[in-house]
Amino acid sequence: MAIPEKPNSCVSCGASTISLRETHDLYTLYECAVCDLQFWWPFKNPGNVFYEKDNKESIARNENPLSMPLLPTQRHFLREQPKRGGMLLDLGMGSGRFIAEAKKLGYTVSGCDFDKNAVETAKTYYGLPDVHALSVEEYVTSFPDRKFDIITMFEILEHLDGFDAIPKITSLMKPDGLLVVSTPWRGRWSGFFSGDHPPEHLTRWSDKAIRIFFETRGFRILTLRHMPAAPDYFSRLLMRFPEWTHGWLSFGLSKKLKRKETSNAATRGSGTPKKASVRNRIIRALSTAKLYGFFFIPTVILYGYLWATGGRHATGFYISMEKI
Ligand SMILES: [Zn+2]
């Protein structure tokens with residue numbers, strides 16, 4: 001079915017009171033006056049093939065799972081260990097790094113992702129048996145009798161182009177089960193991220209939007225936490241400096257190298273990572289030394305400020321819910 005040029009109503013609550021906020025490439029951002037959700041139009045996820053073949057981050061993650069660090073919200077979970085030792089399902093697990101860590105802590109884990117290469121990596125790299133190449137919706141319909149103590153969904157919500165599966169998640173939860181969700185906060189300082197756009201991210205969330213969304217889909221919110229700038233943002237900020245200084249001092253060598261590696265990875269598909277040549281490793285080391293040499297102190301100052309004002313400069317939400 002062809003997608004209309006403009007939406008008639010909010011993609012979440014159906015209200016017709018929506019207003020245009022901004023545009024990005026061929027996409028337009030709308031905000032709903034009733035449920036406060038912001039959504040991009042066309043509201044369409046690019047699909048599993050995009051994540052398997054065209055998305056730089058997922059290709060890198062599938063090639064070398066350890067290249068993708070655990071998210072701050074995942075580390076928060078692993079520190080708190082809610083429902084310790086219980087049955088855990090991770091929806092949109094990527095290549096399974098988080099559930100591999102959770103398994104070490106004693107959880108019985110299951111997971112799904114619609115990226116087939118990621119699921120293959122979870123099986124071969126982490127030896128996780130109960131992982132499936134299914135979307136959230138497909139998992140819910142494939143295993144209707146399963147019941148979990150805890151279901152997690154880290155940084156998935158903003159990728160979804162439909163919410164029919166969300167209320168169905170309650171049927172996979174034990175009566176006292178928990179749903180833990182993380183997603184970017186749209187009020188955060190934009191310096192933290194450069195990629196909060198379609199086609200990957202299709203929605204932007206506020207406190208109000210989160211509350212209305214889940215409370216009208218069968219959940220009671222127990223905690224809605226604003227995540228402060230985590231240590232990983234230090235390196236993210238550091239990496240932004242060359243861009244902010246408009247490539248000042250850049251010879252373009254490491255960029256060229258990165259482009260070449262990405263295109264190699266794309267043609268090679270999933271598999272074992274190829275060893276970098278000595279020359280490439282030297283270029284990379286020099287480029288890292290340059291980055292730290294010039295931008296370390298400015299980053300310390302900026303990071304210190306953002307960390308100290310953590311509440312105002314939160315990066316995302318960590319939401320814990322039970323079913324009603
Ligand atoms: Zn709405």
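The questions below concern a predicted model.

Reader: Which protein atoms are the donors of the zinc ion, and how far from it do they lie?
Author: The donor residues follow the spacing C-x2-C-x18-C-x2-C in sequence. They are Cys10, Cys13, Cys32 and Cys35, each giving its SG atom. The distance from the zinc ion is 2.3 Å.

Reader: What arrangement do the 4 donor atoms make around the zinc ion?
Author: Four donors count as tetrahedral if all angles lie between 85 and 135 degrees. Here the angles run from 103 to 116°, so the arrangement is tetrahedral.

Reader: How many residues apart are Cys10 and Cys32, and where in the chain are they?
Author: Cys10 belongs to the segment before strand E1 (18-24), while Cys32 is in strand E2 (residues 27-32). The pair thus links distant parts of the chain, and the separation is 22 residues.

Reader: Is Cys10 buried or exposed?
Author: Buried means under 20% relative accessible area. Cys32 has 0% and is buried. Cys10 has 4% relative accessibility, so Cys10 also counts as buried.

Reader: Which residue in E9 is the bridge partner of Phe39?
Author: Strand E3 (residues 38-41) has both faces covered, with Phe39 and Trp41 buried on one side and Gln38 and Trp40 buried on the other. E3 pairs with E2 in the antiparallel sense over 4 bridges, and Tyr30 stands opposite Phe39. E3 also pairs with strand E9 (residues 203-204), antiparallel over 2 bridges. In E9, the partner of Phe39 is Thr203.

Note on methods
Residues numbered from 1 in each chain as written. Predicted model: local features only at pLDDT ≥ 70, side-chain atom pairs only at ≥ 80, totals over all residues. Heavy atoms only, no water. Donors = N, O, S within 2.8 Å, 3.2 Å for Na, K, Ca; no water. Tetrahedral: all angles 85-135°; square planar, octahedral: opposite > 155°, others 65-115°. Buried < 20%, exposed > 50% of the residue type's maximum accessible area, 1.4 Å probe, protein only. Pairing = 2+ DSSP bridges.
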